[in-house]
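Hello,

Here is the structure I promised to pass on. Please open it first, then read my notes below.

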Amino acid sequence: MSFDDKKHIRGQVLALKSFKKSRHLNCFADCSKTVSLAFRRCGANMTLAKQTLELWRGTMKEVGGKFGTGVLSYFKFLKWLLMFNIFSFLVNFGFITIPQLIYHPTPDIPAGVSFKGLEILTGAGYFSHTVMYYGGYSNKTQGTGGRSEYNMQLAYFFTVAAYMVLCGAALIYSMASSFRKKYVLADSGLGGAWQLLCSWDFSVTNEKAVRQRKNNLRIQLKESLSEKVQVALLPLTERLKHYGVFLGTWLLSTGMALGCGASVYFLFSGSLLEEAATLLLPFVVSLINLVVPLFYSLFKKIEHYSNPRMQVYAIIVRNVILKMSILGILCYYWMKDVANTFSCWESIVGQALYRLVIMDFLFIMLGSFFGEFLSNVIGTKCIQSLGVPEFDVARNVLDLIYAQTLAWIGIYFSPLLPVIQIIKFFILFYLKKVSLTQNCQPPRRAGRAAQMQTIFIAILFFPSFVGALSMVAYTVWTLPPSDKCGPFRGLNTTFSAIQIWMDDLNRVDAFQWTVWIYQHVIRSEIFYFLVSLIILVFIYIFRQITQGRQLLIILLRQQIVNVSSSELSGPTCLVHQSCCVRSGCVYVMMLLKCRSNIFS
Amino acid sequence: SLKSLIILFDIESGYYPVCTSDILQVQLSFPPPRLFDRYRDLAPQLVPLDYTDQPDVRLPYELIGSMPELKDNPFRQRIAEVFSEDGEGNMTLDDFLDMFSVLSEMAPRDLKAYYAFKIYDFNNDDFLCKSDLEKTLNKLTRNELTEDEVRMVCEKVIDEADLDNDGRLSLEDFQHMIVRAPDFLSTFHIRI
């Protein structure tokens, strides 16, 4: 659509507006117009202020310009996780820690315990009596001498519950929208067309990066041209051999994961309470998380996947199995043994998580050093054929997911753990950025960044968040809280606090409806059964609709081929042209709307 | 008629409910500060600070093409030509704002596909024919593929993407291909 048409439409719109304006000449319309203009200007100024304050905007632009959108997705993911932790910190600090600090400003630290430097690493000692952990919170309903009451038990429970629910909702929403936008219609075999027309990254702004991308594209195009058509059916022996190799590597990797989990479990038979020895467990866990994935990447040499993307998926699945099985074993140990053995067991678990978080951070730094700096040195000075390393987005994102799982598990046992996590992510951002710019080169293959993003969010939701949530839910529902410390001391389970509150409310007539909801909705099984049944019915209906639509797409595609293979006659031509004009108008409208969007 | 189409669109489309002329009015009077500052920084002596009387100021292509976001982009000339009013690359403030709106994160996929199509359409005939594809390929690979290889790649592209079998890609073919490339939204994006 030519610019004259665009101008013509704009002129028409302005004429329409002045026509409308001439109809309403009263004062009220004028006033409201001025007011709305003022609001919009104010809104634009506020957006400008928000954008200047936006965290790391310049750095992300620089990274995206030099390394492309694939690598940038790691940094965006890091920033997104940081927001979760900031929110968690604000909520916990505001609703749990501040009331505790108001009513008990100084922690009761037993005599003889003072702050030595080692606490920063171990989290025990001085810290174990402060508000850092569950044990530092009192169970009394605060309120003495005329101040209003603050029920610490309910506050603790509802804060943790509300945060988990909001996190879950945010994750489900991101996962669904990412899936819809980026995953649903993706095709795996577009090859040449896709590479040529859709994959050029317009946001790359560095001359060297542009040259490199051009080289990469050229190499990829040459590769796709010289690909011989693969024989669809390999001989039976070859196929059996491939399947045998796959089975072997998968058994080996799963066996290694379970073996590491078992060894971690048996490590617990050592003494736990001496301060320096407590660091042994997190050290071993982080070492396993660093070294075993390197073994997994060695399997690449033996296996031959038909599709390079399957390779990446296989690596991701193996790493997730490893990390989640280790975390699973640790949680099992904490729930079964620690809960029965120690007196203030929630604080012990909180301290263990603190140590895991700190040690994980140290090992990520080490991993950055070995993975990127040393690889760069070796690749450029010693073994020239290796070349400059690429930034491994998948491995780094899985490390982030693991770190966030630890934080989510720890939300109940150590309310101030998000502070450590925030500091950790902050430092990690700058560390990774420096390591990236100094040591790495942009990725050689234009990867499927959008689809990988969806998969990462899905992994963040399914094993990571759901696992953490189920562990916290199990603790709250079933395990008896410790007798001597914490806000729930003396109760049978943590959830009994709600029961007691409901009994109290029952005595007041005004709140009978709350009690009714509690008894007949939350505690009754029929409600959940009915809700699940209704959801299953909806899923079935939507699936049928989707399948019908896919069939329709196939039929319509066939129709396009049929229609265009017959000659275009006069009326069809006109239809085609008016379709062009109509679509042109649509695009101008979209452009105007888009403009207003980027400014609001 | 076009007029009725606009009214129809306004009410029925479910788009932003304020009349589009309001948007135009706001933007012509108060263009958003950051983009306007970038436009003005290219030639402070040519661009006035006050845009209320809609002055006719056009920045030449050389200035636009020297912006850091565009100077290394192999398609900068085509981008400037597509978004400029005169088709030569000399951009008014309007064109400048249009360009960065379409290339921003929030532009809908259809709009981006429409403009990407126009950028790759070197001879402006509303179809991507073989010569357009060859020119695109040459811009992307620094003229280092042989003639045969160029021809083979272009043939492969047309084979894969041409739905109505007329030997060239129309906008619909292009859009259909874009739908199957979810990365397009994030790669057809310039950060400013």
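**Around A:Cys167**

Leaving aside residues up to four places away in sequence, A:Cys167 is in contact with A:Phe84, A:Trp408 and A:Phe465. Please keep in mind that this is a predicted model. A:Cys167 sits in helix 6 of chain A, which covers residues 152-183. Is A:Cys167 buried or exposed? Its relative accessible area is 2%. The cut-off for buried is under 20%, so A:Cys167 counts as buried.

One distance for your notes: A:Cys167 and A:Gln421 are 254 residues apart along the chain. Their C-alpha atoms are separated by 16 Å.

**Salt bridges**

How many salt bridges does the structure hold over all chains? The count is 17. Here are three of them, plus a network.

*A:Glu372 and A:Lys432.* These two residues form a salt bridge, with 3.8 Å between the closest N and O atoms. The pair links distant parts of chain A, 60 residues apart. A:Glu372 belongs to helix 12 (residues 345-382). A:Lys432 belongs to helix 14 (residues 417-439).

*A:Arg507 and A:Asp504.* Here the side chains meet in a salt bridge, at 3.1 Å from N to O. A:Arg507 has 66% relative accessibility. Exposed means over 50%, so A:Arg507 counts as exposed. A:Asp504, at 36%, is partly exposed.

*B:Arg58 and B:Asp56.* In chain B, B:Arg58 forms a salt bridge with B:Asp56. The closest N and O atoms are 3.7 Å apart. B:Asp56 is exposed, at 63% relative accessibility. B:Arg58 is partly exposed, at 31%.

Which residues make up the network that includes B:Asp56 and B:Arg58? Salt bridges link B:Asp56 and B:Arg58 with B:Glu85 and B:Asp86.

**To recap**

- A:Cys167 is buried and touches A:Phe84, A:Trp408 and A:Phe465, sequence neighbours up to four places away not counted.
- The salt bridge between A:Arg507 and A:Asp504 pairs an exposed residue, A:Arg507, with a partly exposed one, A:Asp504.
- B:Asp56, B:Arg58, B:Glu85 and B:Asp86 are joined in a salt-bridge network.

Best wishes

Technical notes:
Residues numbered from 1 in each chain as written. Chains lettered and ligands numbered in written order. Predicted model: local features only at pLDDT ≥ 70, side-chain atom pairs only at ≥ 80, totals over all residues. Heavy atoms only, no water. Salt bridge = Lys/Arg side-chain N within 4 Å of Asp/Glu carboxyl O. Helix = DSSP H or I, 4+ residues; strand = E, 2+ residues; numbered from the N terminus. Buried < 20%, exposed > 50% of the residue type's maximum accessible area, 1.4 Å probe, protein only. Contact = heavy atoms within 4.5 Å.
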